[in-house]
Amino acid sequence: MTVPDMLIVAVLLPVLLLALRIVVLTRSRGSVLCCLRPVPGKRGWRLGVARYAGERLNWIPLIGLLPRPRHVIVRRGLVVSGRRRIGSGEFFGFLEGVTALECESGTFRFELAAGYRALTGFVAWLESAPPSAHLDVV
């Protein structure tokens, strides 16, 4: 194998692995494409996949090396405190017609942005908790 061939393989292999990761994450059952950003720092939006797993919502970045979730959001104690439409310049025109929910889970404050269908599923998941799930047991 020549040096140019090795360079081509070295460039194409990570691209193919990233494409495979994106396909696997977005096609998995119970997965929804959405964006997340922590509120206190107001850092940029991160594109990822939210995966429902019973009482948890696992958020996995779309681009990354590790297959484990970056954020695990527990349904118990999760509060949605606001809703707003995303401005056209906020995503550089990448996403239009997206709504962001301001959420708080324990000490973690974040915004979750997605399309209408994905947010409807998120709210349904949140509201489908058993009646006692939102009560603190003393």
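1. Does Phe110 count as buried or exposed, and at what relative accessibility? In this predicted model, Phe110 has 0% relative accessibility and therefore counts as buried. Phe108, with which Phe110 forms an aromatic pair, counts as partly exposed at 22% relative accessibility. The two rings are stacked, with 4.9 Å from centre to centre and 20 degrees between the planes.

2. The structure holds three aromatic pairs, and one of them joins Tyr52 and Trp125, whose ring centres lie 5.4 Å apart with the planes at 50 degrees, so that this pair is tilted. Trp125 is buried, with a relative accessible area of 9%, whereas Tyr52 counts as partly exposed at 24% relative accessibility. Ring pairs also bring in Phe122, so that Tyr52, Phe122 and Trp125 are linked into a cluster.

3. One cavity of 30 Å³ or more is present in the structure, and about 50 Å³ of space lies in the largest cavity. Its lining includes Tyr52 and Phe122, two members of the ring cluster described above, together with Val32, Cys34, Ala50, Leu57, Leu112, Ala114, Ala118 and Leu119.

4. Strands S1 (31-38), S2 (46-53) and S7 (108-114) and helix H2 (116-127) are the elements that each give two or more residues to the lining of the largest cavity, and H2 gives the most, with three residues. By class, this lining has ten nonpolar residues, with no polar and no charged ones.

Technical notes:
Residues numbered from 1 in each chain as written. Predicted model: local features only at pLDDT ≥ 70, side-chain atom pairs only at ≥ 80, totals over all residues. Heavy atoms only, no water. 1 Å grid on protein atoms, 1.4 Å probe; cavity = no way out; pocket = protein on both sides within 12 Å on 5 of 7 lines; lining within 4 Å. Points joined across faces, edges and corners; volume = space filled by probe spheres on them. Helix = DSSP H or I, 4+ residues; strand = E, 2+ residues; numbered from the N terminus. Nonpolar A, V, L, I, M, F, W, Y, C, P; charged D, E, K, R; others polar. Phe/Tyr/Trp six-rings, centres within 6.5 Å; stacked < 30°, edge-to-face > 60°. Buried < 20%, exposed > 50% of the residue type's maximum accessible area, 1.4 Å probe, protein only.
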